[in-house]
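I opened my notebook for a first walk through a new structure.

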Amino acid sequence: MKKTLIAFWFLVSVFAFGLPEMYHASETVRVLNILKIPARYEQLVTFHRAIDTVPGSYAPGGWYHRERWGHDTNSLAKLLSSDSSGLSVSQKRVAWAIHILQDSKTKAGVPYESVVEARKILSKEFFKFTTKFTTMRAVGRIAVLSIFDFIYQVALLDVDPITALKRTFTGFVISTGSTIVVNFLVSRLFPYVYSQPGRFLSFLPSGFLGPIIYIVVDITLRAIATGSFREALFSPQTLLNSCIITLFFVPGGQYIVPAAMAFSWILNWIRYSEMKAKYELFNEVLHKEYYERLLSQVEMGVR
């Protein structure tokens with residue numbers, strides 16, 4: 001009975017009075033920390049309370065408070081001009097967007113236009129931060145791959161160091177340029193894609209974009225040089241680059257790479273065992289038929 005009452009009052013608080021400011025503030029703190037524009041928890045509680053408090057009221061929430069104040073785009077402009085919370089404009093915009101998207105789980109009183117605007121705000125703020133830092137991280141990863149690629153060419157393929165350096169530099173320049181262009185285009189296009197109705201999309205960690213583009217460029221250049229896309233795609237160099245990306249850049253890669261190698265070894269061992277068994281069976285049958293035919297010829301010669 002007690003649990004039923006707790007659930008009942010929780011649902012009443014959600015549908016009638018809105019979500020508590022603490023719930024909104026906790027998520028906002030997390031997102032602002034990711035965006036490197038942190039704010040104090042108390043400031044965010046004050047701001048979220050202002051969103052839920054209709055002007056003239058003394059307490060946040062209340063019936064139909066969403067339709068009366070705070071959850072439409074006109075209220076956003078007024079909230080941004082207010083200095084009561086001590087937050088910057090960017091911090092307020094992010095906090096408002098999070099508040100709207102959390103409240104949109106119960107759609108009553110949350111306009112569709114506000115949801116679209118909230119998604120645009122979050123994606124623009126995200127890419128304002130990530131376009132710079134993830135591009136730098138991607139270029140760093142491309143540089144690491146380039147070093148391993150150069151060593152691989154010189155040490156294992158016996159390529160002349162000058163030729164290997166030219167190939168590596170060409171791949172580095174093309175991959176870096178492509179990564180910057182793609183990051184720029186995504187930062188402009190994604191806010192509009194993300195703002196459309198549908199599921200709450202998660203952001204793509206574009207720091208992985210650099211290594212992916214590097215592998216694509218590397219495969220393409222080798223396919224042009226050798227004239228075989230299949231040979232370039234399944235070459236040891238492609239496998240090595242994939243292992244380096246997984247090992248150094250993918251979380252848990254130090255476990256994934258050995259597991260993948262062990263799985264590959266087991267698979268090859270099974271295939272080898274099957275081929276060996278088939279060969280031995282074939283060899284046994286062939287020898288048996290050969291000896292039988294030889295014996296029959298000897299018997300015919302004796303006769």
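**The second largest pocket.** I looked up what lines the second largest pocket and found 19 residues, with Leu157, Arg167, Asp218, Arg222 and Gln237 nearest its centre. For the record, I work on a 1 Å grid over the protein atoms alone: a pocket is an open set of points with protein on both sides within 12 Å along at least five of seven lines, and a lining residue has an atom within 4 Å of a point. The volume of this second largest pocket is about 390 Å³, where volume is the space filled by probe spheres set on the points, and points are joined across faces, edges and corners.

Which helix gives the largest share of that lining? My note says α9, with six residues. At least two lining residues each come from α7, α8, α9 (209–226), α10 (229–233) and α11. Helices here are DSSP runs of H or I with at least four residues, strands are runs of E with at least two, and both are numbered from the N terminus.

**Ground rules.** I am reading a predicted model, in which local features need pLDDT of at least 70 and side-chain atom pairs count only at pLDDT 80 or more, while totals for chains, interfaces and linings use all residues. Residues are numbered from 1 along each chain as its sequence is written, and side-chain values use heavy atoms, with hydrogens and water left out.

**The whole chain.** I noted 12 helices and zero strands in the protein chain. Of its 303 residues, 36% are buried; buried means under 20% relative accessible area, exposed means over 50%, and partly exposed is in between (1.4 Å probe, protein chains only). I also looked at contacts, meaning heavy atoms within 4.5 Å. Among contacts with a separation of 6 or more, 66% join residues 24 or more positions apart.

**Helix α2.** I checked the span of α2 (residues 21–34): its 14 residues reach 20 Å from first C-alpha to last, close to the 20 Å expected at 1.5 Å a residue. The expected span is 1.5 Å times one less than the number of residues. Which residues of α2 are buried? I listed Glu21, His24, Ala25, Thr28, Val31 and Leu32. Seen down the axis, these buried residues fall within an arc of 130°, so they line one face of α2. The arc is that of the directions from the helix axis to the C-beta atoms. Just after α2, I marked lysine 36 for its positive phi of about 65°.

**Helix α5.** Next came α5 (residues 73–81), where Ser75, Leu76, Leu79 and Leu80 are buried. Their arc around the axis is only 140°, which puts them on the same side of α5. Asn74, Lys78 and Ser81 are exposed on the other side of α5.

**An aromatic pair.** How many aromatic pairs does the structure hold? I noted one. Rings of Phe, Tyr and Trp (its six-membered ring) pair if their centres lie within 6.5 Å; planes under 30 degrees apart count as stacked, over 60 as edge-to-face and the rest as tilted. The rings of phenylalanine 148 and phenylalanine 248 have centres 5.7 Å apart and planes at 40°, so this pair is tilted. The pair links distant parts of the chain, 100 residues apart: phenylalanine 148 sits in α7 (residues 112–155) and phenylalanine 248 in α11 (residues 236–249). Phenylalanine 148 is partly exposed at 32% relative accessibility, and phenylalanine 248 is partly exposed at 49%.

I read 9.5 Å between the C-alpha atoms of valine 144 and phenylalanine 248, which are 104 residues apart along the chain. Lysine 128 belongs to α7 and is exposed, with a relative accessible area of 55%. Its C-alpha atom is 8.8 Å from that of leucine 35, 93 residues away along the chain.

**From the loop into α8.** In the loop between α7 and α8 I found aspartate 158. Its phi is positive, about 55°, although aspartate 158 is not a glycine. Is aspartate 158 buried or exposed? I wrote down exposed, with a relative accessible area of 67%.

Threonine 168 lies in α8 (residues 161–194) and is buried, with a relative accessible area of 6%. Leaving aside neighbours within four places in sequence, I found threonine 168 in contact with Ser146, Asp149, Phe150 and Gln153.

Note on methods. On a 1 Å grid over the protein atoms alone, a cavity is a set of points where a 1.4 Å probe fits but cannot get out, and a pocket is an open set with protein on both sides within 12 Å along at least five of seven lines; lining residues have an atom within 4 Å of a point.
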